[in-house]
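Reader: I would like a close look at one part of this model. Please take me through how the pieces sit against each other.

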Amino acid sequence: MTSEKNKVIKAVKQVRGGVSVSHHKNTADCEVVRMPNPEKVILPMQQHIGAPCTPTVAVGDKVGIGQLIGDSDKFVSAPIHASISGTVTAIGNIKLPNGNLTQAVTIESDGENRLWEGLEKPVINSKDDFIKAVRTSGLVGLGGAGFPSFIKLSFKPEQNIDTLVVNAAECEPYITVDYRECLDNSWDILSSIDVLSSYFGFKNVVIAVEDNKPEAFKVLSSVAGAGVGKKSKVSLMTLKSKYPQGAEKMMVQSATGRKVPPGKLPADVGCVVMNVGSVAFLSRYMKTGKPLVTRSLTVDGSAIAKPMNVRTPVGTNIGEIIEFCGGFKEDPCKIILGGPMMGQALVSTNHPTCKQNNAILAFAKDDTVLKPERDCIRCGRCAQVCPMSLMPTLITRYTKAKDVESLKQAGINVCMECGSCAFACPAGKPLVQHMRLAKALVREADKK
Amino acid sequence: MISAKPAEEKMLTVSASPHVRSSTTSVRLMLDVIISLCPALIASVIIFGIRALAVTAVTVVSCVLSEYLCRKIMKRSNTIGDLSAIVTGMLLAFNLPSTIPFWIAALGGAVAIVVVKQMFGGIGQNFVNPAITARIILLVSFASAMSDWPVPRQGIFNFGVDAVTGATPLAVMSGSDGEMPSLLNMFLGVRGGCLGETCALALIIGGIYLIARKVISPAVPLSFIGTVAIIMLIAEKGSFSALAYQILSGGLLLGAIFMATDYATSPISFKGKIIFGIGCGIITCLIRIFGSYPEGVSFSIIIMNILVPHIEKLTTPKPFGTPKKEKKVKEAQT
């Protein structure tokens, strides 16, 4: 009976565009190693899309693991919890890797690794309890964007949400933490899906995996076959491995054939998309009540001595994590927080990690040389590969002309900065940079 | 500011994502076009003699030199390294008879690069194909030298400019005196014509190479040639051999595979490419059937080049998820 309910499907609709990038999943066989708790963590109050949190602790306070240290009364936000036990030693501004200033709470460890006494298993009797629990857990989208997860679930009945897509595509090169989640915590994933379905009544649940991860597929289907996840109709969807297959809008289209209109969310076409790591975390949270205070990261790249997957408390210094992975074997020339397609290049390793980070990549000089920039030859590759059907070459022209009206018409705000255009460009144009400039122009014009 | 671990690493490179790039480069694309033109170049030497190679060398040198000097005078960066001037030079030569005086060939190269390409801003900015425009300018300016078609097989080392000349198959079809070559000779290129346009076999090999290397999309060549085929089949009252002559003669294959697919002067979207190809096909047929010139490929391409901005405007794809009608959105939600 279960085999009837758990079916294997192909993508309903092939998504447009995209590029083939070398996968470099070097750490696929590395089980996640728990890094010992550091002596100090710095917890930025902005680890999500939305309003920053305000610290709820003061300098000198003793905190335990999982204790609330920052929260906001704005809707779009997610609370932040202490990731080690110890004393709050400072509250002040720090610079995030993207250059924004934000408040941060520094905790110095007491070495006890003591859980906060106030931790409780969430009591859930209704859908609203569940959403509240997700908010309390501090969960944000672990795929990289960091959108507060409880908002995804706070949809209205009239939105007719029928499909949950669990995103295990992990189309960015190098990163393997979602893959490890599938292999090591498949039971968590499927039992979490059961709970989600029972509260939200999803008619379909689709777990999407790229076809370059057959092992993940095998493990998930065997667990599903054993009966876990049988309360919901779970289907396993194989996707052609192509970047950016794992983008939210692409996921929705692959799983249901529906297209999310510009400026809208998956919920507007009846879907909820959640990262596989987020789903697995929920199951653990429901059992223990321990909020999101640790994070798995892939540490890889040609300059890293011992590439591996590590689990670290949120707020651990990036330099310390690299040291834990054997340090650098070559002089690093570029260090990226996230994947090579969408990640942020760091000015220094002296930054704390955030909840939504999923990789630290360090590259030696030879791997950071980009092709020289030449004039556009109008070959149209950028438009061919754009999953959002945009024309990056035209947008670049409009940006140069500061033509805001044309930029809006060209759909600049649909651009998700996946980087496919710049990847494909034979003239080596930094097209994502151009897209960001265009967006900034539009934002500025809208302010006036 | 909270003091964190002191930074001691060296300066890191910071740039906008993505941090990896594909291996395709403009130079590699141009090199691929040059490679794809080589079979036709070799064929032209076999068919028309070593002078075909000499003409090609003259136009290539003229194009590269013009580009170098022009950029220098305009105080712009040197771009001969992108190889596009070589492509233009080769294509221009392919559109000239092998008997052309060298100075006319050299002038053509200069016109293509200076007037058509660099004056409009260089690579990617020209609105018409440089090689075709130069050919048309030469055709209008030096009508007799430009339609002085050598008869093939005079031996590879024939340098004579006063070679025996005759009418091209298309001219014969339009009523000029002359003998039609066999279909096999047409396919192999043993016929009168511009030096690079005659050998269908070599051009098709080049085209397949470009499509296989994903340098060009087959949309333009197929829609162009397909349109000509359909119209000519009707015009020739269903005669397939006449149709084959139409396809293999003139510069149709050269134009459809190598000139109409020029990045700068053809539409970017798939739909646009199809419209462009069909338009080229229709105009070519109109000129061949009704025009006073026997050949219309160059004119058709240049006319469609000019229409590209309009085609582009009509065929720009809508951003992902843009609702076509209100109804569709509602359907998607239910």
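Author: Start with the domains. The model is predicted, and in it the C-alpha centres of domain 1 of chain A and domain 2 of chain A lie 29 Å apart. The domain assignment gives domain 1 as 2-28 + 121-288 and domain 2 as 381-447. The two do touch: twelve residues of domain 1 are in contact with 13 residues of domain 2. On the domain 1 side, the touching residues are eight nonpolar, three polar and one charged.

Now take a pair of helices in chain A. Helix α5 (residues 186-200) packs against helix α8 (residues 276-288) at an angle of about 75°, and their axes are 8 Å apart. An angle from 65 to 115 degrees counts as roughly perpendicular, so α5(A) is roughly perpendicular to α8(A). From α5(A), the contact residues include A:Ile189, A:Ile193 and A:Val195. From α8(A), they include A:Val279, A:Leu282 and A:Met286. By class, this contact has eight nonpolar, three polar and two charged residues.

Five of its six residues are buried, so β15(A) is largely enclosed by the rest of the structure. Strand β14 (residues 294-300) of chain A pairs with β15(A) in the antiparallel sense, over six bridges. There, A:Thr298 stands opposite A:Asn309. Strand β2 (residues 33-34) of chain A also joins β15(A), through two bridges, and these strands run parallel. A:Val33 has A:Val310 as its bridge partner in β15(A).

Key
Residues numbered from 1 in each chain as written. Chains lettered and ligands numbered in written order. Predicted model: local features only at pLDDT ≥ 70, side-chain atom pairs only at ≥ 80, totals over all residues. Buried ≥ 20, exposed ≤ 12 C-beta atoms within 10 Å, placed from the backbone. Helix = DSSP H or I, 4+ residues; strand = E, 2+ residues; numbered from the N terminus. Pairing = 2+ DSSP bridges. Axes fitted to C-alpha atoms, helices over the stretch in contact; angles between N-to-C directions. Parallel < 35°, antiparallel > 145°, perpendicular 65-115°, else oblique. Contact = placed C-beta atoms within 7 Å. Nonpolar A, V, L, I, M, F, W, Y, C, P; charged D, E, K, R; others polar. Domains from an automatic or database assignment.
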